[in-house]
Amino acid sequence: MSTLLEVRDLSVRFGQTTAVDGISFDLEKGASLGIVGESGSGKSVTCRALMRLLPPAAKISGSALYDGADLLQMPLPQLNQIRGKRIAMIFQSPASHLDPLMRIGDQVAETLRKHTQMRGQEIRDEVLRLLDVVRIPDPARWARAYPHQLSGGMKQRAMIAGALACQPDLLLADEPTTALDATVQKSVLDLLAQLRREQNLSMIFVSHDLGAVARVCDDLLVMRRSKLMESGPVSRVIDAPQHDYTRKLIASHPDRLTLRPVAEASTGAPLIEGQGLRIRYGGRSLADLIAGREGGFVAVQNADLAVRPGETVGIVGESGSGKSTLARSLVGLVKPQRGTVCFDGTPADPTGKGRVAYLREVQLIYQHPYEALSPRMTVARAIAEPLRRHRLCPPREVKDKVADLMEQVGIPTKLADRYPGQLSGGECQRVAIARALAFDPKVLIADEVTSALDVTLQAQVMDLLLKLQKDRGLTMIFISHDLGVIRRLCNSVIVMRQGQIVESGPTGAVFDNPREAYTRQLIDAIPHLHAGAA
Amino acid sequence: MFVIGVALVLIWGLIAAAAPLLATHDPYAIDFAAILKAPGAEHWFGTDNVGRDTYSRVVYGARLALYIGLLGVVAPLVIGMTIGLVAGYFGGWVDTVAMRLVDITVPFPFFVLVLSIVAVLGPGIENYFIALALVGWVGYARLARAEALVLRQSEFVLAARTMGFSHGYILLRHVLPNSLSPIVVYLMTDVTLVILFGAALGFLGMGVSPPAAEWGVMIAEGQTYISTAWWISFFPGLAMVLIGVGFALIGDGLARMLRIER
């Protein structure tokens with residue numbers, strides 16, 4: 001095997017900040033290399049530097065020899081002969097890299113027309129072949145479709161088809177599966193692994209997800225704070241990590257995480273219940289009235305759930321399955337069209353009169369740590385707000401109470417006067433949790449709280465939630481698309497699909513013996529930490 | 001640039017505050033011995049057709065200009081923000097009604113509308129303020145509504161609702177502060193606009209009435225002598241440009257600063 005790409009001392013600086021600090025690696029022909037790191041570690045910048053896609057403000061030094069020629073030094077016309085033709089790149093959000101006004105087939109054909117001698121019918125045939133290679137069913141039909149008509153996974157496949165059009169030697173994939181649902185993620189990863197074998201493609205795969213990288217790659221680079229921490233074959237790095245940070249990264253993966261044990265499932269009467277909930281958005285417009293139809297869109301259909309005191313129930317499903325809508329109906333953000341919510345055995349009305357009293361018992365934590373806090377309120381004021389507004393404690397004690405809450409969720413007191421913009425994602429999420437705890441609620445609903453966080457932070461937040469549950473005897477509803485996380489946190493699990501609950505039961509039973517094929521699919525899609533899983 | 005803008009506006013503020021100290025003559029004193037005098041040591045900016053000192057009148061004019069500019073935007077700002085935030089946050093029929101009102105106002109050129117209202121109500125600065133309140137709120141309402149539409153779906157507003165806070169409180173403490181940035185920028189350009197239109201009304205004889213030391217009025221008075229005594233109209237014009245550029249630069253600077261903060 002010969003070396004295809006030889007990177008030496010690659011550094012990228014933006015003004016005073018160093019984004020990539022002296023990275024060196026080799027890529028053999030036909031090999032695949034994964035670059036893993038948390039957000040801000042410089043992994044994407046490395047990838048983009050190789051393609052010279054960084055803004056002019058970036059100062060790049062070092063060398064990247066591709067087949068003997070330095071990608072970082074060569075003149076632009078020569079580089080353009082290589083970009084797209086011999087090195088292709090796919091991005092995280094296919095939606096923003098496909099032209100919305102161009103049919104899928106034409107977008108793939110564009111590259112062919114630019115970089116090959118093919119013309120006319122030849123191009124049309126090649127486009128259909130490529131769409132078939134990336135497993136888009138009925139290529140002739142989808143080639144005529146526009147990007148908005150495709151699902152996220154299909155778009156990513158179309159983008160891969162475009163990248164493969166010129167039969168490149170090297171594919172750079174920058175977080176290609178991060179924006180996708182677990183099952184779609186798995187199918188795209190399988191596709192990449194297969195393409196690698198069949199087309200003898202070399203690949204650099206950038207991801208924050210060690211499990212995804214392990215599925216596709218042979219070798220691994222671990223980056224942190226713009227430096228290379230560790231490199232080696234995937235199996236070696238995972239089984240015998242050399243560096244402390246790598247060890248931490250691996251230990252944070254839901255597969256390996258050592259968490260305190262989940263509280264025993266209790267047998268008492270349900271604390272919070274939803275019975276026959278049906279939630280619809282929109283509809284009842286004039287046009288709907290005239291047409292005599294219901295209109296709108298049914299987000300949740302006949303959902304029943306019951307959560308016993310001290311228990312944690314997980315709700316899992318792909319995006320659009322209605323799991324967040326269901327949670328929001330429990331805190332009165334949406335009014336169910338039919339069905340009732342019961343708290344402590346009595347019907348509650350989260351949107352009506354008893355709302356304020358009810359919400360003291362049931363609190364919701366949101367997904368995006370930065371968005372859930374008002375950007376113009378300091379940490380201390382955000383946590384104090386419910387205390388003051390609802391007079392949850394005498395005004396004199398607010399300050400002590402805030403400090404106490406901050407300590408419980410592990411925020412250093414020196415951060416009290418910071419604004420959310422000055423905190424990390426994990427810290428913001430802790431503040432949001434502290435604010436919810438200010439109510440001293442009995443039920444805590446966590447809506448995808450770990451999804452936007454890096455693995456190590458995700459592990460810390462999961463641990464925090466378990467600790468709080470144990471200390472305070474909280475009842476929790478934990479919503480996630482990540483079954484790996486659900487399995488580690490929940491006593492029982494509810495699987496949702498297209499607005500309906502398709503399966504529910506104790507976590508162990510559902511995972512070991514899923515009744516539904518769909519649940520099985522979700523379970524199979526959990527990224528596991530062992531090399532060459534695909 | 002922002003600093004230049006702030007400096008310009010500050011200087012005008014000082015001039016307005018210290019007008020009696022800075023003025024060399026009484027701005028209203030008629031002096032038939034010094035009619036249409038060119039700028040010189042005695043009269044720095046010259047004198048007009050009844051011998052009033054142009055420099056002193058420009059200095060006193062700063063008071064009127066700032067008074068009109070700063071007071072004229074208050075009513076549109078308050079009315080516009082209230083309507084816009086409420087419409088955007090609650091949506092539904094409130095929004096429909098408010099936006100149809102906006103639609104009625106938008107097709108007419110702003111100045112034409114203000115002018116016709118003043119024409120109906122009669123000349124005078126109070127009527128100008130009333131006209132501004134009736135028409136000027138539209139710009140603020142549209143901006144505030146756009147911000148509120150986005151904010152009402154943001155997680156921190158949802159979080160405030162799940163914390164059981166009332167809509168009024170959420171609007172005041174969460175939506176309002178976070179919607180301010182584009183509105184403040186617009187406010188700065190609006191101040192300029194209100195000063196200019198105020199002067200334009202003075203020029204047309206429908207705003208502040210003569211013999212007041214108001215820049216628009218002064219320009220109108222100098223109009224007849226523009227070929228022989230250019231200074232009567234030139235200096236108030238220059239003053240208007242300088243104050244306008246000052247507010248505009250502040251607006252630009254704020255826009256840039258607030259964008260980075262986001």
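The following questions and answers concern a predicted model, with attention to chain A and its contact with chain B.

Me: Among contacts in chain A between residues at least 6 apart in sequence, what percentage joins residues at least 24 apart?

Reply: Two residues count as in contact here if their C-beta atoms, placed from the backbone, lie within 7 Å. Taking those contacts in chain A whose partners are at least 6 apart in sequence, the share that joins residues at least 24 apart is 68%.

Me: Over residues 5–250 of chain A, how far apart are the end C-alpha atoms?

Reply: The UniProt annotation "domain: ABC transporter", from an unreviewed entry, covers residues 5–250 and also 284–523 of chain A. Over residues 5–250 the chain is 41% helix and 27% strand, and the distance between the end C-alpha atoms is 28 Å.

Me: Which element gives the most residues to the side of chain A that touches chain B?

Reply: The contact draws 18 residues from chain A and 14 residues from chain B. On the chain A side, two or more residues come from each of α14 (355–361), β16 (362–365) and α15 (379–389). The element that gives the most, with three residues, is α14(A).

Conventions
Residues are numbered from 1 along each chain as its sequence is written. Chains are lettered from A and ligands numbered from 1 in the order in which they are written. This is a predicted model: local features need pLDDT of at least 70, side-chain atom pairs count only at pLDDT 80 or more; totals for chains, interfaces and linings use all residues. Helices (H or I, at least four residues) and strands (E, at least two) are DSSP runs, numbered from the N terminus. UniProt positions are given in the numbering used here, feature names are shortened, and annotations may be inferred rather than shown by experiment.
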